[in-house]
Amino acid sequence: MMLGIYYEHMLAAARQREAMLPALCAKVRALGYEAVAPQAAHIVRDAGLLPMLSSAGLRAEGIYERFLFESKTQTAQQAAQVLAVCERAGAQYLLAVLPMLRGGETDRNGALYARRRDMLATGLETLCAQAARCGITVLLEPFDSLFSPSAHAAELLWYFARVEGLFCAFDTGNPVVCGEDAEKILPTLLPYIRIVHAKDRAFCDNGMPGKQTASGKKVYPAAVGRGDLPLAGIFKKLQQSGFDGAVFAEHFDHADEMGAMEDSARFLRAELFKNA
């Protein structure tokens with residue numbers, strides 16, 4: 001399996017440690033990370049990003065972007081722009097982040113939700129068709145917001161059944177926000193999983209920004225393996241399934257991103273390669 005990290009964590013670590021990004025890239029590679037997941041917009045804004053990663057022995061993969069899916073023309077244009085970035089980076093996977101539900105659309109049993117879901121599916125069909133011609137696979141993840149149209153496993157499964165060529169980036173730490181158990185929903189999503197976002201959550205206030213869950217309680221950022229989620233069971237099931245894709249450590253809003261990257265790499269190497 002290939003270990004990856006989010007580019008935003010590297011940017012935050014550079015700010016927190018007052019470090020230069022090229023030197024930090026070398027440290028990240030030394031930790032065993034091979035891939036970096038940036039937002040497509042970062043690559044567009046910074047012409048030196050891809051060469052910097054390459055010079056450190058890192059590659060861009062699992063690129064993500066927020067899509068609007070407002071109209072057929074707008075979707076085709078945005079898809080073409082983002083896919084061009086993915087091709088330039090040599091990335092195989094693109095994570096599509098869906099726009100949040102608004103107003104009455106949050107009623108999952110309502111007509112407004114159904115109409116919005118159909119519009120998003122149509123947009124995803126356009127994106128996936130264009131991506132297939134580029135040899136790129138489009139992914140959705142269980143997003144950590146009750147306002148997301150892909151928050152729940154049942155919603156993801158609906159999109160996977162509707163949209164040809166759409167697959168899953170499984171996030172280990174997002175389902176808890178929406179009241180679901182990641183280990184319990186994993187078997188239903190396994191046939192669609194292509195990459196994994198390894199995310200832990202602390203259940204007690206650790207002084208970092210908390211995220212409200214469906215139960216009303218908050219969960220807090222944690223390095224992978226340093227929180228309270230039962231990740232060992234999840235990774236055991238992934239290994240038993242034959243999964244051999246990229247695993248990206250994720251811990252947005254952590255107070256010490258460099259330390260979290262170190263702890264996450266240590267835990268993931270132990271869990272993912274102990275039976276190798």
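This is a predicted model: local features need pLDDT of at least 70, side-chain atom pairs count only at pLDDT 80 or more; totals for chains, interfaces and linings use all residues.
## Helices α5 and α6

Helix α5, which covers residues 72-89, packs against helix α6, which covers residues 111-134, at an angle of about 35 degrees, and the two axes lie 10 Å apart. The crossing of this pair is right-handed. On the α5 side the contact is made by T75, A76, A79, A80, L83 and E87, while α6 contributes G123, T126, L127, Q130, A131 and C134. Sorted by class, the residues of this contact are seven nonpolar, four polar and one charged.

## Helix α8 and its two partners

Helix α7 (residues 153-162) and helix α8 (residues 182-189) have axes that come within 10 Å and cross at roughly 15 degrees. Because angles under 35 degrees count as roughly parallel, α7 is described as roughly parallel to α8. The crossing of α7 past α8 is right-handed, and the contact brings A153, L156, L157 and F160 of α7 to I185, T188 and L189 of α8. Six of these contact residues are nonpolar and one is polar, with no charged residue taking part.

Helix α8 also packs with helix α9 (residues 231-241), where the axes come within 9 Å and again cross at roughly 15 degrees. By the cut-off of 35 degrees, α8 is therefore roughly parallel to α9, and α8 passes α9 in a right-handed crossing. Here A182, E183 and L186 of α8 meet G233, I234, K237 and L238 of α9, a contact with four nonpolar, one polar and two charged residues.

## The nonpolar cores

In soluble globular proteins, nonpolar side chains tend to be buried together. In this model the largest nonpolar core holds 74 residues, and the members that touch the most others are M10, L124, L127, F235, M261 and L268. One of these, L127, is also among the α6 residues that make the contact with α5.

## A leucine in helix α6

L112 is found in helix α6. Its relative accessible area is 41%, and L112 is classed as partly exposed because that class lies between the limits of 20% for buried and 50% for exposed.

When its neighbours within four places in sequence are left aside, L112 is in contact with G104 and E105. The C-alpha atoms of L112 and L101, which are eleven residues apart along the chain, are separated by 9.6 Å.

Note on methods. Residues are numbered from 1 along each chain as its sequence is written. Side-chain values use heavy atoms; hydrogens and water are left out. Axes are lines fitted to C-alpha atoms, for helices over the stretch in contact, and angles run from 0 to 180 degrees between N-to-C directions. Helices (H or I, at least four residues) and strands (E, at least two) are DSSP runs, numbered from the N terminus. Angles under 35 degrees count as roughly parallel, over 145 as roughly antiparallel, 65 to 115 as roughly perpendicular and the rest as oblique. A crossing is left-handed if the near helix is turned anticlockwise from the far one by less than a right angle, and right-handed if clockwise. Contact means heavy atoms within 4.5 Å. Ala, Val, Leu, Ile, Met, Phe, Trp, Tyr, Cys and Pro count as nonpolar, Asp, Glu, Lys and Arg as charged, and the others, Gly among them, as polar. A nonpolar core is a set of buried Ala, Val, Leu, Ile, Met, Phe, Trp, Tyr and Cys residues joined through side-chain atoms within 4.5 Å. Buried means under 20% relative accessible area, exposed over 50%, partly exposed in between (1.4 Å probe, protein chains only).
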